[in-house]
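Here is a friendly walk through the links and packing of one model. Please keep the sequence and the 3D view open as you read.

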Amino acid sequence: MWLLLVLLPVAALPARGCRAPEEAAVRVLSARLLGLAEEPGLDADPGVYVGLRLAGDHDLHAERRYLERLQDAFQGRYGRSLDSDSHLSHGHRHRHAGHSKDTRAASQWPETGRLALYLLGLRASCPPPDPGPQRFLVTWLKYYLEKDWAGSRRHGHPLTSYYQYSLGVLALCVHGKRVREEVIQRLLVAEQHRRFRHAGSSAVGKGPWDPWGPRRTHRGGCVAPRVTQGIPADTEAVVALAFTCLEREQLVRSRLAAELRVAVRGIRERFVEAQSEDGLIGNIFSTPLAMQVFIATDKCRTHAAYGRAMAALLQRLDAFTSAAAMAQALPVLHGRSYLDIASMQCKEEPDTLTPLPIEPLPVGPGNMMVRLVVECPVAQCPQHLLYDLPVPVPTGASLLDLLGAAPAQGPQNFTFETQDTPQGPFLTSVLGLAAQPQERHYWQLLGGLGSSLQMGVADYRPEDGETVILRLSKW
(Lines give C-alpha, C1' and ligand atoms only; values in the text may rest on other atoms or scores of the structure.)
Protein backbone atom coordinates (compact mmCIF):
# COMPACT_ATOMS: atom_id res chain seq x y z
CA MET A 1 0.00 0.00 0.00
CA TRP A 2 2.73 2.48 1.01
CA LEU A 3 4.77 1.54 -2.04
CA LEU A 4 1.84 2.43 -4.28
CA LEU A 5 1.51 5.83 -2.62
CA VAL A 6 5.19 6.54 -3.17
CA LEU A 7 4.91 5.67 -6.84
CA LEU A 8 1.99 8.01 -7.44
CA PRO A 9 2.81 11.48 -8.85
CA VAL A 10 3.04 13.83 -5.88
CA ALA A 11 1.00 16.62 -7.50
CA ALA A 12 -1.80 14.21 -8.33
CA LEU A 13 -2.48 13.03 -4.78
CA PRO A 14 -5.78 14.20 -3.26
CA ALA A 15 -5.26 16.93 -0.70
CA ARG A 16 -5.32 16.00 3.01
CA GLY A 17 -7.04 12.64 2.45
CA CYS A 18 -10.14 13.99 0.67
CA ARG A 19 -11.02 11.37 -1.91
CA ALA A 20 -11.52 12.67 -5.42
CA PRO A 21 -14.37 11.04 -7.38
CA GLU A 22 -13.20 8.81 -10.22
CA GLU A 23 -15.65 10.17 -12.76
CA ALA A 24 -14.99 10.47 -16.48
CA ALA A 25 -17.20 13.57 -16.46
CA VAL A 26 -14.68 15.34 -14.20
CA ARG A 27 -11.91 14.79 -16.73
CA VAL A 28 -14.24 16.04 -19.46
CA LEU A 29 -14.83 19.22 -17.42
CA SER A 30 -11.06 19.75 -17.24
CA ALA A 31 -10.80 19.26 -21.01
CA ARG A 32 -13.66 21.72 -21.59
CA LEU A 33 -11.95 24.34 -19.42
CA LEU A 34 -8.71 23.83 -21.33
CA GLY A 35 -10.66 24.27 -24.57
CA LEU A 36 -12.13 27.56 -23.33
CA ALA A 37 -8.68 28.71 -22.18
CA GLU A 38 -7.42 28.34 -25.74
CA GLU A 39 -10.31 30.26 -27.29
CA PRO A 40 -8.88 33.14 -29.33
CA GLY A 41 -9.97 36.61 -28.34
CA LEU A 42 -10.67 35.82 -24.68
CA ASP A 43 -8.51 37.60 -22.11
CA ALA A 44 -6.39 35.37 -19.89
CA ASP A 45 -8.01 34.91 -16.47
CA PRO A 46 -5.81 34.02 -13.47
CA GLY A 47 -8.71 32.12 -11.89
CA VAL A 48 -8.83 29.80 -14.90
CA TYR A 49 -5.12 29.09 -14.55
CA VAL A 50 -5.53 28.27 -10.84
CA GLY A 51 -8.33 25.85 -11.73
CA LEU A 52 -6.18 24.14 -14.36
CA ARG A 53 -3.26 23.79 -11.95
CA LEU A 54 -5.38 22.30 -9.15
CA ALA A 55 -6.90 19.70 -11.45
CA GLY A 56 -5.54 16.18 -11.61
CA ASP A 57 -4.92 16.03 -15.37
CA HIS A 58 -2.82 18.50 -17.33
CA ASP A 59 -1.69 19.72 -20.70
CA LEU A 60 1.55 21.21 -19.42
CA HIS A 61 2.48 22.90 -22.70
CA ALA A 62 -0.93 24.61 -22.92
CA GLU A 63 -0.73 25.66 -19.27
CA ARG A 64 2.70 27.23 -19.86
CA ARG A 65 1.33 29.18 -22.82
CA TYR A 66 -1.57 30.40 -20.69
CA LEU A 67 0.81 31.46 -17.92
CA GLU A 68 2.85 33.45 -20.43
CA ARG A 69 -0.30 35.29 -21.46
CA LEU A 70 -1.00 36.12 -17.82
CA GLN A 71 2.55 37.33 -17.31
CA ASP A 72 2.25 39.59 -20.34
CA ALA A 73 -0.92 41.09 -18.85
CA PHE A 74 0.27 41.49 -15.26
CA GLN A 75 4.03 41.99 -15.28
CA GLY A 76 3.91 45.09 -17.46
CA ARG A 77 1.46 46.57 -15.03
CA TYR A 78 2.83 45.40 -11.71
CA GLY A 79 6.43 44.55 -12.53
CA ARG A 80 7.66 47.84 -11.15
CA SER A 81 7.90 49.41 -7.74
CA LEU A 82 4.91 51.17 -6.26
CA ASP A 83 6.87 54.41 -5.91
CA SER A 84 7.79 54.58 -9.60
CA ASP A 85 4.21 53.83 -10.67
CA SER A 86 2.80 56.44 -8.29
CA HIS A 87 5.13 59.03 -9.79
CA LEU A 88 4.11 58.09 -13.34
CA SER A 89 0.40 57.93 -12.63
CA HIS A 90 -0.01 61.18 -10.73
CA GLY A 91 -3.32 62.78 -11.61
CA HIS A 92 -4.76 59.81 -13.50
CA ARG A 93 -7.66 57.56 -12.46
CA HIS A 94 -9.38 54.72 -14.34
CA ARG A 95 -11.85 52.60 -12.43
CA HIS A 96 -11.69 49.54 -14.67
CA ALA A 97 -7.95 49.62 -15.16
CA GLY A 98 -7.46 45.89 -15.61
CA HIS A 99 -8.23 46.22 -19.31
CA SER A 100 -6.83 49.71 -19.87
CA LYS A 101 -3.95 50.24 -22.23
CA ASP A 102 -2.47 52.56 -19.61
CA THR A 103 -0.24 50.40 -17.40
CA ARG A 104 -0.24 52.84 -14.48
CA ALA A 105 -2.07 51.46 -11.48
CA ALA A 106 -1.35 53.29 -8.23
CA SER A 107 -4.19 55.82 -8.47
CA GLN A 108 -6.71 53.50 -10.10
CA TRP A 109 -9.55 51.35 -8.77
CA PRO A 110 -8.20 48.48 -6.59
CA GLU A 111 -7.67 45.28 -8.56
CA THR A 112 -7.45 43.21 -5.40
CA GLY A 113 -9.19 40.04 -6.60
CA ARG A 114 -7.44 39.63 -9.95
CA LEU A 115 -4.01 40.33 -8.50
CA ALA A 116 -4.66 37.84 -5.67
CA LEU A 117 -5.64 35.13 -8.15
CA TYR A 118 -2.56 35.87 -10.25
CA LEU A 119 -0.31 35.44 -7.20
CA LEU A 120 -2.04 32.15 -6.40
CA GLY A 121 -1.46 31.06 -9.99
CA LEU A 122 2.25 31.92 -9.84
CA ARG A 123 2.64 29.87 -6.68
CA ALA A 124 0.89 26.94 -8.37
CA SER A 125 2.97 27.03 -11.57
CA CYS A 126 5.50 24.34 -12.45
CA PRO A 127 8.34 25.09 -12.57
CA PRO A 128 7.88 28.15 -10.34
CA PRO A 129 8.85 31.43 -12.02
CA ASP A 130 11.65 33.73 -10.93
CA PRO A 131 10.68 34.96 -7.43
CA GLY A 132 12.27 38.38 -8.01
CA PRO A 133 9.36 40.09 -9.80
CA GLN A 134 6.93 38.59 -7.30
CA ARG A 135 8.21 40.98 -4.63
CA PHE A 136 6.63 43.85 -6.52
CA LEU A 137 3.37 41.92 -6.86
CA VAL A 138 3.21 41.29 -3.11
CA THR A 139 3.82 44.98 -2.44
CA TRP A 140 1.07 45.92 -4.88
CA LEU A 141 -1.41 43.53 -3.27
CA LYS A 142 -0.67 44.88 0.21
CA TYR A 143 -1.17 48.38 -1.17
CA TYR A 144 -4.52 47.41 -2.69
CA LEU A 145 -5.68 45.87 0.60
CA GLU A 146 -5.11 49.23 2.27
CA LYS A 147 -6.61 51.24 -0.58
CA ASP A 148 -9.55 48.86 -0.80
CA TRP A 149 -10.38 49.38 2.84
CA ALA A 150 -10.48 53.16 2.42
CA GLY A 151 -14.09 52.64 1.36
CA SER A 152 -14.93 51.35 4.84
CA ARG A 153 -14.21 54.68 6.44
CA ARG A 154 -17.20 56.11 4.57
CA HIS A 155 -19.37 53.14 3.61
CA GLY A 156 -18.53 50.42 6.12
CA HIS A 157 -17.14 47.92 3.59
CA PRO A 158 -14.26 47.57 1.11
CA LEU A 159 -14.37 49.50 -2.14
CA THR A 160 -14.50 46.24 -4.10
CA SER A 161 -16.03 43.50 -1.92
CA TYR A 162 -15.29 41.33 1.09
CA TYR A 163 -14.77 38.51 -1.38
CA GLN A 164 -11.88 40.25 -3.13
CA TYR A 165 -10.49 41.54 0.15
CA SER A 166 -10.36 38.09 1.75
CA LEU A 167 -8.95 36.62 -1.47
CA GLY A 168 -6.09 39.12 -1.16
CA VAL A 169 -5.36 38.00 2.40
CA LEU A 170 -5.47 34.34 1.29
CA ALA A 171 -3.02 34.92 -1.57
CA LEU A 172 -0.50 36.64 0.70
CA CYS A 173 -0.81 33.81 3.21
CA VAL A 174 -0.26 31.12 0.56
CA HIS A 175 2.95 32.95 -0.35
CA GLY A 176 3.96 32.91 3.33
CA LYS A 177 3.69 36.69 3.65
CA ARG A 178 2.51 38.33 6.83
CA VAL A 179 -0.17 40.98 6.78
CA ARG A 180 -0.86 43.56 9.45
CA GLU A 181 -3.09 42.29 12.23
CA GLU A 182 -5.46 45.19 11.60
CA VAL A 183 -6.12 43.82 8.10
CA ILE A 184 -7.11 40.45 9.56
CA GLN A 185 -9.19 42.03 12.30
CA ARG A 186 -11.23 43.89 9.67
CA LEU A 187 -12.35 40.58 8.19
CA LEU A 188 -12.83 38.97 11.59
CA VAL A 189 -15.08 41.77 12.84
CA ALA A 190 -17.06 41.67 9.58
CA GLU A 191 -17.55 37.92 9.99
CA GLN A 192 -18.57 38.24 13.63
CA HIS A 193 -21.19 40.84 12.70
CA ARG A 194 -22.45 38.83 9.68
CA ARG A 195 -21.72 41.63 7.21
CA PHE A 196 -21.32 39.25 4.27
CA ARG A 197 -25.04 38.80 3.65
CA HIS A 198 -26.68 40.73 0.83
CA ALA A 199 -30.30 41.57 0.25
CA GLY A 200 -32.52 38.86 -1.14
CA SER A 201 -30.15 35.99 -0.36
CA SER A 202 -30.86 33.09 1.95
CA ALA A 203 -27.25 31.95 1.80
CA VAL A 204 -24.21 33.85 2.94
CA GLY A 205 -22.46 35.23 -0.09
CA LYS A 206 -20.83 38.14 -1.75
CA GLY A 207 -22.63 40.54 -4.02
CA PRO A 208 -22.32 40.61 -7.78
CA TRP A 209 -18.83 40.18 -9.13
CA ASP A 210 -17.03 43.51 -9.40
CA PRO A 211 -16.90 44.73 -13.00
CA TRP A 212 -13.32 44.63 -14.29
CA GLY A 213 -13.72 45.06 -18.00
CA PRO A 214 -14.72 47.55 -20.66
CA ARG A 215 -18.33 48.64 -20.98
CA ARG A 216 -20.50 47.59 -23.90
CA THR A 217 -23.64 49.48 -24.83
CA HIS A 218 -26.54 47.62 -26.46
CA ARG A 219 -29.63 49.04 -28.10
CA GLY A 220 -32.91 47.26 -28.73
CA GLY A 221 -33.09 45.26 -31.94
CA CYS A 222 -29.41 44.23 -31.95
CA VAL A 223 -28.73 40.74 -30.64
CA ALA A 224 -25.67 40.80 -28.40
CA PRO A 225 -23.00 38.11 -28.84
CA ARG A 226 -23.21 35.16 -26.52
CA VAL A 227 -20.62 35.21 -23.74
CA THR A 228 -20.62 32.88 -20.76
CA GLN A 229 -20.93 34.07 -17.17
CA GLY A 230 -20.99 32.43 -13.80
CA ILE A 231 -22.58 33.87 -10.67
CA PRO A 232 -20.85 35.02 -7.51
CA ALA A 233 -19.31 32.49 -5.17
CA ASP A 234 -19.59 32.44 -1.39
CA THR A 235 -17.66 35.13 0.47
CA GLU A 236 -17.62 33.31 3.76
CA ALA A 237 -15.88 30.35 2.14
CA VAL A 238 -12.96 32.52 1.02
CA VAL A 239 -12.84 34.19 4.44
CA ALA A 240 -12.68 30.76 6.10
CA LEU A 241 -9.89 29.67 3.73
CA ALA A 242 -7.91 32.82 4.53
CA PHE A 243 -8.35 32.32 8.28
CA THR A 244 -7.41 28.65 8.07
CA CYS A 245 -4.28 29.48 6.10
CA LEU A 246 -3.18 32.17 8.55
CA GLU A 247 -3.51 29.75 11.45
CA ARG A 248 -1.87 26.80 9.65
CA GLU A 249 1.10 28.84 8.42
CA GLN A 250 1.48 30.36 11.92
CA LEU A 251 1.36 33.90 10.58
CA VAL A 252 -0.67 35.26 13.50
CA ARG A 253 -0.31 35.32 17.28
CA SER A 254 -1.80 32.42 19.23
CA ARG A 255 -4.67 34.47 20.67
CA LEU A 256 -5.76 35.69 17.25
CA ALA A 257 -5.31 32.17 15.84
CA ALA A 258 -7.81 30.89 18.42
CA GLU A 259 -10.34 33.53 17.34
CA LEU A 260 -9.85 32.58 13.71
CA ARG A 261 -10.46 28.91 14.54
CA VAL A 262 -13.75 29.79 16.22
CA ALA A 263 -14.81 31.85 13.20
CA VAL A 264 -13.98 29.06 10.75
CA ARG A 265 -15.87 26.53 12.84
CA GLY A 266 -18.90 28.83 12.86
CA ILE A 267 -18.76 29.30 9.08
CA ARG A 268 -18.51 25.55 8.54
CA GLU A 269 -21.47 24.90 10.85
CA ARG A 270 -23.56 27.48 9.02
CA PHE A 271 -22.75 25.75 5.75
CA VAL A 272 -24.07 22.48 7.19
CA GLU A 273 -27.24 24.21 8.41
CA ALA A 274 -27.75 25.99 5.07
CA GLN A 275 -27.36 22.85 2.96
CA SER A 276 -30.54 22.17 1.03
CA GLU A 277 -32.19 18.80 0.57
CA ASP A 278 -30.60 18.45 -2.85
CA GLY A 279 -27.12 18.75 -1.30
CA LEU A 280 -26.24 22.26 -2.47
CA ILE A 281 -24.77 24.86 -0.13
CA GLY A 282 -26.26 28.13 -1.30
CA ASN A 283 -26.50 27.25 -5.00
CA ILE A 284 -24.66 25.17 -7.56
CA PHE A 285 -22.01 27.86 -8.08
CA SER A 286 -21.30 28.65 -4.42
CA THR A 287 -21.16 24.98 -3.40
CA PRO A 288 -17.59 24.27 -4.68
CA LEU A 289 -16.05 27.09 -2.63
CA ALA A 290 -18.03 26.05 0.44
CA MET A 291 -16.70 22.50 -0.01
CA GLN A 292 -13.14 23.82 -0.06
CA VAL A 293 -13.62 24.82 3.60
CA PHE A 294 -14.25 21.17 4.55
CA ILE A 295 -11.17 20.11 2.58
CA ALA A 296 -8.92 22.81 4.04
CA THR A 297 -9.98 21.99 7.61
CA ASP A 298 -9.71 18.23 7.01
CA LYS A 299 -13.41 17.65 7.69
CA CYS A 300 -14.36 16.20 4.31
CA ARG A 301 -14.44 12.62 5.65
CA THR A 302 -16.22 13.34 8.93
CA HIS A 303 -19.04 15.62 7.70
CA ALA A 304 -21.83 13.98 5.73
CA ALA A 305 -22.58 17.42 4.29
CA TYR A 306 -19.43 17.23 2.18
CA GLY A 307 -20.41 13.91 0.62
CA ARG A 308 -23.91 15.16 -0.16
CA ALA A 309 -22.49 18.29 -1.75
CA MET A 310 -20.09 16.25 -3.88
CA ALA A 311 -22.93 14.05 -5.09
CA ALA A 312 -24.95 17.16 -5.98
CA LEU A 313 -22.04 18.59 -7.97
CA LEU A 314 -21.49 15.39 -9.92
CA GLN A 315 -25.16 15.34 -10.90
CA ARG A 316 -25.01 18.92 -12.21
CA LEU A 317 -21.65 19.27 -13.94
CA ASP A 318 -23.38 20.47 -17.10
CA ALA A 319 -24.39 23.64 -15.19
CA PHE A 320 -20.78 24.83 -15.31
CA THR A 321 -20.62 26.47 -18.70
CA SER A 322 -18.34 29.47 -18.16
CA ALA A 323 -14.58 29.21 -17.74
CA ALA A 324 -14.69 30.93 -14.35
CA ALA A 325 -17.37 28.58 -13.01
CA MET A 326 -15.52 25.49 -14.28
CA ALA A 327 -12.27 26.71 -12.73
CA GLN A 328 -13.98 27.18 -9.38
CA ALA A 329 -15.48 23.68 -9.45
CA LEU A 330 -12.41 21.69 -10.52
CA PRO A 331 -10.31 21.92 -7.32
CA VAL A 332 -12.93 20.23 -5.10
CA LEU A 333 -13.65 17.64 -7.79
CA HIS A 334 -10.00 16.65 -7.35
CA GLY A 335 -10.13 16.81 -3.54
CA ARG A 336 -8.21 20.07 -3.27
CA SER A 337 -8.57 23.59 -1.92
CA TYR A 338 -6.70 26.82 -2.61
CA LEU A 339 -4.61 26.13 0.50
CA ASP A 340 -3.01 23.15 -1.24
CA ILE A 341 -1.23 25.59 -3.55
CA ALA A 342 1.15 26.39 -0.68
CA SER A 343 2.48 22.81 -0.67
CA MET A 344 2.25 21.89 -4.36
CA GLN A 345 5.24 20.05 -5.78
CA CYS A 346 6.04 19.76 -9.46
CA LYS A 347 6.87 16.08 -9.72
CA GLU A 348 5.75 13.84 -12.57
CA GLU A 349 2.46 15.57 -13.24
CA PRO A 350 0.29 13.59 -15.68
CA ASP A 351 0.55 15.36 -19.04
CA THR A 352 -2.35 13.59 -20.74
CA LEU A 353 -5.16 16.14 -21.06
CA THR A 354 -6.43 17.16 -24.50
CA PRO A 355 -8.51 20.34 -24.90
CA LEU A 356 -12.15 19.81 -25.79
CA PRO A 357 -13.55 22.58 -28.02
CA ILE A 358 -16.75 24.14 -26.74
CA GLU A 359 -19.58 24.07 -29.23
CA PRO A 360 -22.26 26.76 -28.77
CA LEU A 361 -25.66 25.54 -27.73
CA PRO A 362 -27.99 25.45 -30.75
CA VAL A 363 -30.89 27.85 -31.08
CA GLY A 364 -34.01 25.87 -31.84
CA PRO A 365 -36.41 26.41 -34.75
CA GLY A 366 -39.27 28.83 -34.36
CA ASN A 367 -39.85 31.68 -31.91
CA MET A 368 -41.01 31.99 -28.34
CA MET A 369 -42.45 34.86 -26.31
CA VAL A 370 -40.88 35.95 -23.00
CA ARG A 371 -42.25 38.72 -20.81
CA LEU A 372 -39.52 41.19 -19.80
CA VAL A 373 -40.07 43.40 -16.73
CA VAL A 374 -37.75 46.12 -15.41
CA GLU A 375 -38.27 47.30 -11.83
CA CYS A 376 -36.51 50.03 -9.89
CA PRO A 377 -37.58 50.23 -6.24
CA VAL A 378 -34.69 52.49 -5.17
CA ALA A 379 -35.02 56.22 -4.51
CA GLN A 380 -33.15 57.36 -7.61
CA CYS A 381 -35.82 55.95 -9.96
CA PRO A 382 -38.72 58.08 -11.21
CA GLN A 383 -41.13 55.13 -10.88
CA HIS A 384 -41.12 51.52 -9.72
CA LEU A 385 -42.14 49.81 -12.99
CA LEU A 386 -39.99 50.97 -15.90
CA TYR A 387 -40.71 48.33 -18.55
CA ASP A 388 -43.19 45.52 -19.10
CA LEU A 389 -43.52 43.99 -22.57
CA PRO A 390 -43.50 40.57 -24.24
CA VAL A 391 -40.36 39.99 -26.33
CA PRO A 392 -40.26 37.55 -29.28
CA VAL A 393 -36.95 35.67 -29.58
CA PRO A 394 -35.78 32.41 -31.21
CA THR A 395 -36.39 29.28 -29.15
CA GLY A 396 -33.36 28.55 -26.98
CA ALA A 397 -32.08 32.15 -26.96
CA SER A 398 -30.17 33.39 -23.92
CA LEU A 399 -31.28 36.22 -21.67
CA LEU A 400 -28.58 38.34 -23.27
CA ASP A 401 -30.20 37.69 -26.65
CA LEU A 402 -33.58 38.59 -25.16
CA LEU A 403 -32.31 41.96 -23.93
CA GLY A 404 -30.82 42.68 -27.33
CA ALA A 405 -34.13 41.96 -29.03
CA ALA A 406 -36.35 43.91 -26.59
CA PRO A 407 -38.51 46.46 -28.42
CA ALA A 408 -39.03 50.07 -27.41
CA GLN A 409 -41.80 50.92 -24.95
CA GLY A 410 -42.88 54.43 -25.82
CA PRO A 411 -40.53 56.88 -27.54
CA GLN A 412 -37.30 55.53 -25.98
CA ASN A 413 -35.45 52.44 -27.25
CA PHE A 414 -34.69 49.65 -24.81
CA THR A 415 -31.00 50.02 -23.94
CA PHE A 416 -28.67 48.24 -21.58
CA GLU A 417 -24.96 48.13 -20.85
CA THR A 418 -22.67 45.28 -19.85
CA GLN A 419 -19.07 45.07 -18.74
CA ASP A 420 -16.72 42.23 -19.57
CA THR A 421 -15.51 40.35 -16.49
CA PRO A 422 -13.62 37.08 -16.00
CA GLN A 423 -17.03 35.45 -15.58
CA GLY A 424 -18.60 36.96 -18.68
CA PRO A 425 -20.79 40.03 -19.29
CA PHE A 426 -22.02 41.79 -16.17
CA LEU A 427 -25.22 43.82 -16.47
CA THR A 428 -24.42 47.35 -15.29
CA SER A 429 -27.13 49.61 -16.73
CA VAL A 430 -30.70 49.23 -17.97
CA LEU A 431 -32.72 52.01 -19.62
CA GLY A 432 -29.98 54.46 -18.72
CA LEU A 433 -30.01 53.59 -15.00
CA ALA A 434 -26.57 52.45 -13.92
CA ALA A 435 -25.91 50.26 -10.89
CA GLN A 436 -23.61 52.10 -8.49
CA PRO A 437 -21.09 49.72 -6.84
CA GLN A 438 -20.25 52.33 -4.18
CA GLU A 439 -23.90 52.27 -3.10
CA ARG A 440 -24.01 48.45 -3.30
CA HIS A 441 -26.57 48.56 -6.12
CA TYR A 442 -26.72 45.88 -8.80
CA TRP A 443 -29.16 44.63 -11.40
CA GLN A 444 -30.71 41.47 -10.00
CA LEU A 445 -32.02 38.77 -12.36
CA LEU A 446 -35.28 37.22 -11.19
CA GLY A 447 -37.96 34.83 -12.37
CA GLY A 448 -41.63 35.72 -12.49
CA LEU A 449 -42.21 34.67 -8.86
CA GLY A 450 -39.30 36.76 -7.62
CA SER A 451 -36.78 33.92 -7.23
CA SER A 452 -33.18 34.43 -8.32
CA LEU A 453 -32.28 32.98 -11.72
CA GLN A 454 -28.96 31.71 -10.28
CA MET A 455 -27.24 32.33 -13.64
CA GLY A 456 -25.83 35.23 -15.59
CA VAL A 457 -27.34 36.99 -18.60
CA ALA A 458 -25.36 34.93 -21.11
CA ASP A 459 -26.04 31.52 -19.55
CA TYR A 460 -29.72 31.72 -18.61
CA ARG A 461 -32.13 30.52 -21.32
CA PRO A 462 -35.75 31.42 -20.63
CA GLU A 463 -38.61 29.25 -21.80
CA ASP A 464 -41.65 30.17 -23.84
CA GLY A 465 -44.20 32.07 -21.75
CA GLU A 466 -41.75 32.79 -18.93
CA THR A 467 -41.40 36.14 -17.13
CA VAL A 468 -37.94 37.59 -16.46
CA ILE A 469 -37.51 40.54 -14.08
CA LEU A 470 -34.55 42.90 -14.00
CA ARG A 471 -34.61 44.68 -10.62
CA LEU A 472 -32.20 47.35 -9.39
CA SER A 473 -31.42 46.01 -5.91
CA LYS A 474 -29.14 46.70 -2.97
CA TRP A 475 -26.85 44.04 -1.51
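## Terms and model

The expected span of a helix is taken as 1.5 Å times one less than its number of residues. Helices are DSSP runs of H or I with at least four residues, and strands are E runs of at least two, numbered from the N terminus.

This is a predicted model, in which local features need pLDDT of at least 70 and side-chain atom pairs count only at pLDDT 80 or more, while totals for chains, interfaces and linings use all residues. Residues are numbered from 1 along each chain as its sequence is written, and side-chain values use heavy atoms, with hydrogens and water left out.

## Helix H2 and its surroundings

Let us begin with helix H2. H2 has 14 residues and reaches 20 Å from its first C-alpha to its last, close to the 20 Å expected at 1.5 Å a residue. Ten of its 14 residues are buried, so H2 is largely enclosed by the rest of the structure. Here buried means under 20% relative accessible area, exposed means over 50%, and partly exposed lies in between, using a 1.4 Å probe and protein chains only.

Which residues of H2 are buried? They are Val26, Leu29, Ser30, Ala31, Arg32, Leu33, Leu34, Gly35, Leu36 and Ala37. These buried residues pack against helix H3 (46-53), helix H4 (60-78), H14 and helix H15 (323-333), where contact means heavy atoms within 4.5 Å.

## Three disulfides

How many disulfides does the structure hold? There are three, each defined as a pair of cysteine sulfur atoms within 2.5 Å. One of them joins Cys18 to Cys300, with an S to S distance of 1.9 Å. Cys18 lies in the loop between helix H1 (2-7) and helix H2 (24-37), and Cys300 in the loop between helix H13 (287-296) and helix H14 (304-315), so this pair ties together parts that are 282 residues apart in sequence. The torsion about the S-S bond of Cys18 and Cys300 is about -90°, so the disulfide is left-handed. Cys18 is buried at 0% relative accessibility, and Cys300 is buried at 7%.

Cys173 and Cys245 also form a disulfide, with their sulfur atoms 2.1 Å apart. Because Cys173 lies in helix H9 (residues 162-174) and Cys245 in helix H11, the pair ties together parts that are 72 residues apart in sequence. The S-S torsion of Cys173 and Cys245 is about -100°, so this disulfide is left-handed. Cys173 is buried, with a relative accessible area of 0%, and Cys245 is buried at 2%. Cys376 and Cys381 form a disulfide with a sulfur separation of 1.3 Å. Cys376 is buried at 2% relative accessible area, as is Cys381 at 11%.

## Salt bridges between elements

A search of the whole structure finds 19 salt bridges. The term covers a side-chain nitrogen of Lys or Arg within 4 Å of a carboxyl oxygen of Asp or Glu. The side chains of Glu181 and Arg253 form one of these, at 2.8 Å from N to O. Glu181 lies in helix H10 (residues 181-192) and Arg253 in the loop between helix H11 (235-248) and helix H12 (254-274), so the pair ties together parts that are 72 residues apart in sequence. Are these two residues buried or partly exposed? Glu181 is partly exposed at 30% relative accessible area, and Arg253 is partly exposed at 48%.

Arg270 forms a salt bridge with Glu236, the closest N and O atoms being 2.9 Å apart. Since Arg270 lies in helix H12 and Glu236 in helix H11, this pair ties together parts that are 34 residues apart in sequence. Arg270 is buried, with a relative accessible area of 15%, and Glu236 is buried at 1%.

Glu182 is partly exposed at 43% relative accessible area, whereas Arg186 is buried at 8%.

Glu182 and Arg186 also belong to a network of salt bridges that links them with Glu146 and Arg180.
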